[in-house]
Amino acid sequence: MRVFLYELRKLFNWKVLLLILFISFLFYKLFLSFYFENFPNGRPAKDEFMITKEMINKYGHEMDEKEFQHFKNWYKQKKDEANAYLKSQQDAEKLGITTYEQFRQLDLTNKQYADFHEKVVFVDQADVFWELQAFENIIEQYESKGRDIESYTDEDQQERVKQIMANNDVNSVFPYLVYENYNELTRFWTVLIIISVVMVTCRVHITDRLNNAISLQYTTKTGRNLFSLKLLAALAATALITTVQIVIFWFFYLGNGTQAFFPLSINSFYNFYYFWFDFTFEGYIITTVIAIYIVAIVAALFSVFFSRIAQNYITLIGSLVPIVVLLSYCTLKYLVGELFAILHPLMLTIGTFLVLIAISTIFIIYRMKQEKLVDLI
Amino acid sequence: MLIVDHVSKYYGNFIALENVHLQFDNGIYGLLAPNGAGKTTLMKMLVTLIFPTKGEIRYNGENIIHLGSKYRELLGYLPQQFGYYKHYTPAKYLLYLSALKGISKHEAKEKIPELLKLVGLEDVMHKKMRKFSGGMIQRVGIAQALLNDPKILILDEPTAGLDPTERARFRKLLTQLANNRIIILSTHIVSDVESIANEIIMIKDKTILYKKPIRELCQLLSGRIYETAADFQDAEIFRKRFATISEKQENGQMIFRFVSDEQPNENWKSVEPTLEDVFLHVYGEGALA
């Protein structure tokens, strides 16, 4: 246990931690802050977010046909509000605009109409006109649910869409913008986790090699078992880094106020994609967290392996950069980002996980066996 | 008892050691050979860093590879290149190594100051090793080798970097420790082992040439070592005629020490051979006949 703790402590060198802090700061500024500071991003996204929250209060997690009729009435009331607003505007009267329908179909190439539209929507920011756009988007999506089945060319994908259509989950009022926001944040945050994990764990053997400490370590009672202890230390460091990063992520993410959507199915008529499994948003979050841990552990296993065989930092970096790039690419594309979305074949996602786990584990088992036999010249 | 039983080590076609057979009881053994002769290979096999291609090494009748950690628990080792972390203090590094050696934290905390005092580093035990001299680092290495009170102490070039006082102190320390343990000391510096080793092991052509007490080794050249003075202008002729093993300048003359099977001149008397004579003769001119 003492050796394990020493090895763990050796990994957390303050210079490396400072570097991770700096990289995290850069990552936050370049890729992440936007999704925290601008959520929901502008209008009508903000209105869609508020309306879907209100829909949960009114209809619960799903909106059935009867509730949809109610929603349409709600939309009508909003249109009446818009009409009343227009009637109260002298400019509108001069231009002959008395109803929302007229306002909606304005010829914006006409300067007078364009100026009036600009004034109402952007200068006065009359909420109702933004809200109406959000209502229209929701109605359009609800009425066209399942119609995109033909955009999927694969039979399994089409079958899955049919399955989703057949159950009530598709009526979930979960909005795409919550998913998009979570998806963008987690996939970039995972790349940051991969980089942090590799930076910490890649030092596990190379520092001993460069300090000529291996021959001394391997002739002690612990001997060649040190490889296993170092592996455990690297995995513990990985768990620690990943957990800390996830906790920090959640500290920021809770500020986005999406908690109301946690129990909702993400296979919703109002989401970008359908998914291979019947996830609620909280279920999906747990799944992505598991995926993040798997990706982080795979990164750590490769890092430990190459740290043991690399002769110096240049060869180590040369070996690990392609692995980090590959893992990051898969993470951004489908391992964490868009995880289990049906636009990626299910077997691609599961297969990639299995291949990555298998290769990294084989590398480590191979090295473990080698450690028992290899001459330390 | 530690037995190296007809051990060979090959790397592909390259022979690193061939058919080495040795037996060690408690005492000090000086492994004497020039660089590249195979002493480090033998040392590394004794500490299980490399495995024999042929033969086996046994401790009290059991193969050391099979003994594994039970064997390494008895081992103290100072490698040729002692590895350390520059940002660690000697106390912290020894505490780390004591964990690797399976020594309890309590025991290690008692022992470390004692050992650092023994090697004269008690004043700097909490200073980072970054600014330590080579000699100080080597002394940390010696201290760590003694951490677990080893039954087998294997030291590869232990005096490298030590000044004459430190060397003398180190030799004294080894003599004190030799009572109840096997100490194998590899060096190419004859004076390191001359006064303390019970036996000298000489490796040549990848195998053991001699394993004898110093006196017996010196007897191999008994009556064959001559020392005489010659003028500078005659030095070259002298070198060509005799197998000189050493030469030095003294009072404006050259003093030659050389090996000869016959008395070259009736006025020249043979002198007592030293271990250095044997070493220089063996490695300078070929094996003794």
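1. In strand 8 of chain B, Ile182(B), Ile184(B) and Ser186(B) point one way while Ile183(B), Leu185(B) and Thr187(B) point the other, and all are buried, where buried requires 20 or more other C-beta atoms within 10 Å of the residue's own, with C-beta atoms placed from the backbone. In a regular strand the side chains alternate between the two faces of the sheet. Six of the six residues of strand 8 (182–187) of chain B are buried, so the strand is largely enclosed by the rest of the structure; strands are DSSP runs of E with at least two residues, and helices runs of H or I with at least four, numbered from the N terminus.

2. This is a predicted model, in which local features need pLDDT of at least 70 and side-chain atom pairs count only at pLDDT 80 or more, whereas totals for chains, interfaces and linings use all residues. Residues are numbered from 1 along each chain as its sequence is written, and chains are lettered from A and ligands numbered from 1 in the order in which they are written.

3. Strand 3 (residues 27–32) of chain B pairs with strand 8 of chain B in the parallel sense over six bridges, pairing being defined by at least two DSSP bridges between two strands; Tyr29(B) has Ile184(B) as its bridge partner in strand 8 of chain B.

4. Strand 7 (residues 152–156) of chain B also runs parallel to strand 8 of chain B, joined by five bridges, and there Leu155(B) has Leu185(B) as its bridge partner.

How values were computed: A residue is buried if 20 or more other C-beta atoms lie within 10 Å of its own, exposed if 12 or fewer, and partly exposed in between; C-beta atoms are placed from the backbone.
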